[in-house]
Amino acid sequence: MNQKSHLRIQLSATRRGARLARLLTERQLDEWGVPFGEAAHVVAELAANAVLHGRVSGRDFRLGLKLHDDGTLRIEVTDARGDRIPRIQVPAGEEAETGRGLRIVAAYADRWGVDETPAHGKTVWAELVPGRPGRGES
């Protein structure tokens, strides 16, 4: 993997920071020549979760994008709340305003998971592998 295929940026743990994460992802993947539709949705969900569930006052969240030589895209969102491990909830009701984010991530990603980080944080990651049917639309 060369230097051009890696991005890591610290963003404010605010709604504005979450929106910026999606915008930066779209821009970076466009620069790399990679379709970004599904990846942008995954980043939007993971960043929103970091802001909503992983926020600690005065701490930012980090967005990481890695494009591997085989075309696999790894998305990483790191926040300060390692005590709040995300789980897919029971089906959300029609009127529910939350609870669908990880279902969206699971639907778009080929793999996803959570890793502990130093200082009691966590990284939620997702990998999108090229060539999956339906993949490639932006």
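# Notebook: a predicted model, strand by strand

**Entry 1. W112.** I began with one side chain and found that W112 is partly exposed, with a relative accessibility of 26%. I then looked up where W112 sits, and the answer is strand β4. Next I checked A126: the two C-alpha atoms of W112 and A126 are 4.1 Å apart, although 14 residues separate them in sequence.

**Entry 2. The hairpin.** I followed β4 into β5. The two strands make a hairpin, and three residues lie between them. In the turn I stopped at A119, which has a positive phi of about 65°. I looked up the pairing and found β4 and β5 antiparallel, joined by seven bridges. I wrote down two pairs of residues. R111 stands opposite E127 of β5, and E116 has K122 of β5 as its bridge partner.

I then asked how many residues of β5 are buried. The count is eight of eight, so β5 is largely enclosed by the rest of the structure. I sorted these residues by face. I recalled that side chains in a regular strand alternate between the two faces of the sheet. On one side of β5 I listed G121, T123, W125 and E127, and on the other K122, V124, A126 and L128. Both faces are covered, and these residues are all buried.

**Entry 3. The whole sheet.** I stepped back to see the strand order. The sheet is open and has five strands, in the order β1-β2-β3-β5-β4, with antiparallel pairing. At the edges I found β1 (6-11) and β4 (111-117), each of which pairs on one side only. From one strand to the next, the twist averages 15°.

I also looked at β2 and β3. Strand β2 covers residues 61-67 and strand β3 covers residues 73-79, and six bridges pair them in the antiparallel sense. One pair I noted is K66 with its bridge partner R74 in β3.

**Entry 4. Listing the elements.** I went through the chain from the N terminus and wrote the elements as β-α-α-β-β-α-β-β. That is three helices and five strands.

**Entry 5. α2 and its neighbours.** I turned to helix α2, residues 37-53. This helix lies across β2, β3 and β5 (121-128), and runs at about 10° to β3.

I reminded myself that two packed helices are described by the angle between their axes and the distance between the axes. For α1 and α2, I found axes that come within 9 Å and cross at roughly 155°. This makes α1 roughly antiparallel to α2, the cut-off for that being over 145 degrees. Their crossing is right-handed. Among the residues that meet here are A18, A21, T25 and L29 in α1, and A40, V43, A44 and A47 in α2.

For α2 and α3, the axes are 9 Å apart and the packing angle is about 150°. α2 and α3 are therefore roughly antiparallel to each other. This crossing is left-handed. From α2, the residues that meet α3 include H41, V42 and L46; from α3, those that meet α2 include L102, I104 and V105.

**Entry 6. The core.** I looked up which residues have the most contacts inside the largest nonpolar core. They are L46, F61, L63 and I75, in a core of 28 residues. The elements that give two or more residues to this core are β1, α1 (15-32), α2, β2, β3, α3 (101-108) and β5. Its largest share comes from α2, with seven residues.

I picked L63 and listed what it touches, leaving out residues up to four places away in sequence. Among them are L7, I9, L11, A21, V43, I75 and V77. R8, T25 and E76 are also on the list.

**Entry 7. Totals.** Of its 138 residues, 39% count as buried. Of the contacts with a separation of 6 or more, 61% are between residues 24 or more positions apart.

Key:
Residues numbered from 1 in each chain as written. Predicted model: local features only at pLDDT ≥ 70, side-chain atom pairs only at ≥ 80, totals over all residues. Heavy atoms only, no water. Pairing = 2+ DSSP bridges. Helix = DSSP H or I, 4+ residues; strand = E, 2+ residues; numbered from the N terminus. Axes fitted to C-alpha atoms, helices over the stretch in contact; angles between N-to-C directions. Contact = heavy atoms within 4.5 Å. Core = buried A, V, L, I, M, F, W, Y, C linked by side-chain atoms within 4.5 Å. Buried < 20%, exposed > 50% of the residue type's maximum accessible area, 1.4 Å probe, protein only. Parallel < 35°, antiparallel > 145°, perpendicular 65-115°, else oblique. Left-handed = near helix turned anticlockwise from the far one by under 90°.
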